[in-house]
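Subject: Structure for your review

Dear colleague,

My findings follow directly after it.

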Amino acid sequence: MSEQENTSAADLTAATASPAAASPSPKQNRKRAGTGVRVALIRLCTYCGLLLIRRLRWLRRRVVGLLALCAGLLAAVGDRIGRSLKMFAVQNGISLETTAQLIAGLREGSAKARSGGVGSWLKYWGGVILTFAAKGGSRLVRSANYLAPVTAALVFFVVVQVATHMQFGLRVVYNGEELGCIADESVFSNAEKQMLGRIVFEDYIKPDNAVPEFTIAMLNRENLLSEDELTDALIKASGNELTEATGLYVNDKFFGAVEDRTRLLALLDGIKDQYRSEEYDPTETVEFVKEVEARDGLYPVTSVISISEMGEVVTREEQEQRIYTAVQGDAPIIIAQKNGIPYSQLKALNPDIEQSLLVGQEVLVSKAVPALEVKVVREVVEEVETNFKIEQIQDASQYQGYVKITQQGEKGLNRVTSRVSYIDGIEVEREEISNEVLVEPITEKVVVGGKRPLDQIPSGGTSSGNFIWPAAGGYVSCGFYGYWGHTGMDIACDAGTPVYAAASGTVTKVAYNTTGYGYHILINHGGGVETLYAHNSKLYVKVGEWVEQGQLIAAVGRTGRATGNHVHFEIRVNGKYMNPANYIGTVCPY
């Protein structure tokens, strides 16, 4: 309401008021002054609210707080409205009881109208105001000072409702043409990158004016352009020849476009089908490792390729296969270190490398990686053998090194369920879900000698209680007293010469070290007697395995701290290093 309209309303009120009202008392003047101040405050709040909503974009993120503030303000104004109506009733000879009923009826009608939406609520209160105006226009004019808060509150509520359903954006003008509105400039930057990414087989023909113009605009949320829509508009503004197609994006990188979206999706499904199980598996999931997306839109004609060409593009190798050729002295862990890859990865690429590794053998150290890698996760159920335990019974009447099996051990059987992940058919991760015992293992019972052996055994002895020469030939290159701290006997042999168990026993350690002993094996013969075989190139046994005297357990090498091919042989009795020459002599008997 303008200032002139306020003055006219005040003059009209004064002209129609009673003589008593023409000369108001000081108390009435204070009341009217207070009312004027409150009206001014309400108008000031309304103006400030509109100014903030128009100028500050961050107010959009505080809509909830603003609505809560409005609710409190409307509640306060509601009380004022109630008091104003009561005073209006008293001045016009209406009973307070009738006024209370009127107020209750208005509240009930307002609640019902509000449930129907903002439009219904506004329509209801508009009808109420018109009814009051029709029945008592002159009285309404005289009571304008009391009804003004109602009007101000109504206007304020309408403004807030409209403002909270609007948001600010940027109107984009590009090459002299208005493209639409976007949320912020980052949308334009991303769309521009997408546009340039689509034009890969020809030069981009810029429009006459490629500098965008942005102006702030208030609009509805649903009127904003998305990045894809703006990309289409920018491409359309270029000078390139365009067509509607479906583009393939891998990790937001454009690979090309095809005319038939259905055939493109079928191509992608076909790539994944190559890795699916032949029979339906409900636990199986097949998906691309990278994010793959098909986007419809406008693309330059030269960026559109055939389905067969698209198939070649997505299956093309992004990384070539790498092969390493094994040389003398190589071992699996050494090959992994030479090529800078984890040992687990080398074993996954070459599952049999621990069982067979020959000089000149080709080892896969890096597989070819296609543009679209496929990851498969499925549950795998396997029956796995479990090793049996060995129970040793000491017989003091037999010399140490004596072994007799009284109960043969048998391996158990477990059903193991694992969640296994594959990438392009190669296992990369395994997680055990459950482990069910099907057959319990049977413990092997072994009688071992507990009597201390002789300090020296005649050379060449081959009885079951003695130790034998631990290699297929060779000579002593460094004896027990060869240098200070030497703990065994070094038997020099050619690389790959078989290494045998000097006596029967249980394998307690199999280590693939690259320092110290290198690849080495420790065998427990019972009664506190152990033998160690170090610096091997290959190991053929595993922990827990029972080996017989003379059984092949390793191959001679020079792993660890070694200057030449040899087997470092130790005999330990109750943790003490013994001179092997006292047990096997110093000359190979065969």
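The model is a predicted one. I begin with a pair of helices. Helix α11 (residues 261-273) packs with helix α12 (residues 307-315) at an angle of about 40°, and their axes lie 11 Å apart. The crossing of α11 past α12 is right-handed. On the α11 side, the contact is made by Arg 263, Leu 264, Leu 267 and Ile 271. The α12 side contributes Ile 307, Met 310, Gly 311, Val 314 and Thr 315. Sorted by class, the residues in this contact of α11 with α12 are six nonpolar, two polar and one charged.

Nine of the twelve residues of β15 are buried, under 20% relative accessible area, so the strand is largely enclosed by the rest of the structure.

Strand β12 (residues 374-386) runs antiparallel to β15, and twelve bridges join the two. Within β15, Leu 413 stands opposite Glu 385.

β15 also pairs with strand β16 (residues 426-439), again in the antiparallel sense, over eleven bridges. Here Arg 419 has Glu 431 of β16 as its bridge partner. The hairpin of β15 and β16 has two residues between the strands, and Asp 424 in this hairpin takes a positive phi near 55°.

With kind regards

Key. Residues numbered from 1 in each chain as written. Predicted model: local features only at pLDDT ≥ 70, side-chain atom pairs only at ≥ 80, totals over all residues. Heavy atoms only, no water. Axes fitted to C-alpha atoms, helices over the stretch in contact; angles between N-to-C directions. Helix = DSSP H or I, 4+ residues; strand = E, 2+ residues; numbered from the N terminus. Left-handed = near helix turned anticlockwise from the far one by under 90°. Contact = heavy atoms within 4.5 Å. Nonpolar A, V, L, I, M, F, W, Y, C, P; charged D, E, K, R; others polar. Buried < 20%, exposed > 50% of the residue type's maximum accessible area, 1.4 Å probe, protein only. Pairing = 2+ DSSP bridges.
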